[in-house]
Amino acid sequence: MYHLIYDGNCNLCVTFTRLLETFDQGQLFHYVPMQDRTQLEQWGISGEDCALGMILVDETRDRRWQGSDAAEEIIRLLPLGSGFVAAYRLLPGAKWLGDRTYEQIRDNRYSWFGSRSQTYWATCASRSTPPEP
């Protein structure tokens, strides 16, 4: 099981999380919004960590992927995803371009895609506290 830490106030991040949630049905991933500070503090994840983008943490919390590396690992874990990621990594310059693209989207997500008025709490969530009404 993996914990995906996403921005629950970002429209793009929530859309991605909902899509993954629908596809995965809680089989591989549990979801934690970056706004769940209590849970993140228990795992030693700071606000500064969250500012660098989504985070994927393995069940034992021994391994952690951040930003575009997290996106690649999520795709790799999905059915047929490892072949796609392997092909992507073989393309000259693709990883560099992917990293830069992720950074631009991360840094401009609210202005490009908007923000939510309330934090989205995924159905298959790992929660330290119940969602706010």
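**Charges, cores and strands**

Modeller: Let us begin with Glu21, which is buried (under 20% relative accessible area, with exposed meaning over 50% and partly exposed in between, for a 1.4 Å probe and protein chains only), and yet has no salt bridge, the nearest side chain of opposite charge being Arg18, 5.8 Å away. Here a salt bridge is a side-chain nitrogen of Lys or Arg within 4 Å of a carboxyl oxygen of Asp or Glu, and Lys and Arg count as positive and Asp and Glu as negative, with His and the chain ends not counted. This is a predicted model, in which local features need pLDDT of at least 70 and side-chain atom pairs count only at pLDDT 80 or more, whereas totals for chains, interfaces and linings use all residues. Residues are numbered from 1 along each chain as its sequence is written, and side-chain values use heavy atoms, with hydrogens and water left out.

Colleague: Where is Glu21 placed, and with which residues is Glu21 in contact, leaving aside its neighbours within four places in sequence?

Modeller: Glu21 belongs to helix α1, where helices (H or I, at least four residues) and strands (E, at least two) are DSSP runs numbered from the N terminus. With those sequence neighbours left aside, its contacts (heavy atoms within 4.5 Å) are Gly26, Tyr31, Tyr120, Ala122, Thr123 and Cys124.

Colleague: How many salt bridges does the structure hold, and which residue forms one with Arg109?

Modeller: Side chains of opposite charge can pair when their charged atoms come close. The structure holds ten salt bridges, and in one of them Arg109 is joined to Asp7, with 2.9 Å between the closest N and O atoms. That pair links distant parts of the chain, since Arg109 is in helix α6 (residues 94-113) and Asp7 in the loop between β1 and α1, 102 residues apart. Arg109 counts as buried because its relative accessibility is 15%, and Asp7 likewise counts as buried, at 3%.

Colleague: What should I look for when both partners lie in helix α6, as Lys95 and Asp99 do?

Modeller: Look at their spacing, for Lys95 and Asp99 are four residues apart, about one turn of the helix, and their closest N and O atoms are 3.0 Å apart in a salt bridge. Lys95 counts as partly exposed because its relative accessibility is 25%, whereas Asp99, at 16%, counts as buried. Both also belong to a network of salt bridges that links them with Asp69, Glu72 and Arg89.

Colleague: Turning to the nonpolar side, how many residues has the largest nonpolar core, and which have the most contacts inside it?

Modeller: A nonpolar core is a set of buried Ala, Val, Leu, Ile, Met, Phe, Trp, Tyr and Cys residues joined through side-chain atoms within 4.5 Å. The largest has 18 residues, and Leu4, Leu20, Phe29, Tyr31, Leu56 and Ile74 have the most contacts inside it. Two or more residues come from each of β1 (2-6), α1 (11-24), β2 (29-33) and α4 (68-77). Another core, of nine residues, lies apart from it and includes Leu40, Ile45, Cys50 and Val57.

Colleague: Which residues cover the two faces of strand β3, and which residue of β3 is the bridge partner of Leu4?

Modeller: In β3 (residues 55-58), Ile55 and Val57 are buried on one side and Leu56 and Asp58 on the other. Strands pair if DSSP finds at least two bridges between them; β1 and β3 run antiparallel, joined by four bridges, and Leu4 has Leu56 as its bridge partner.
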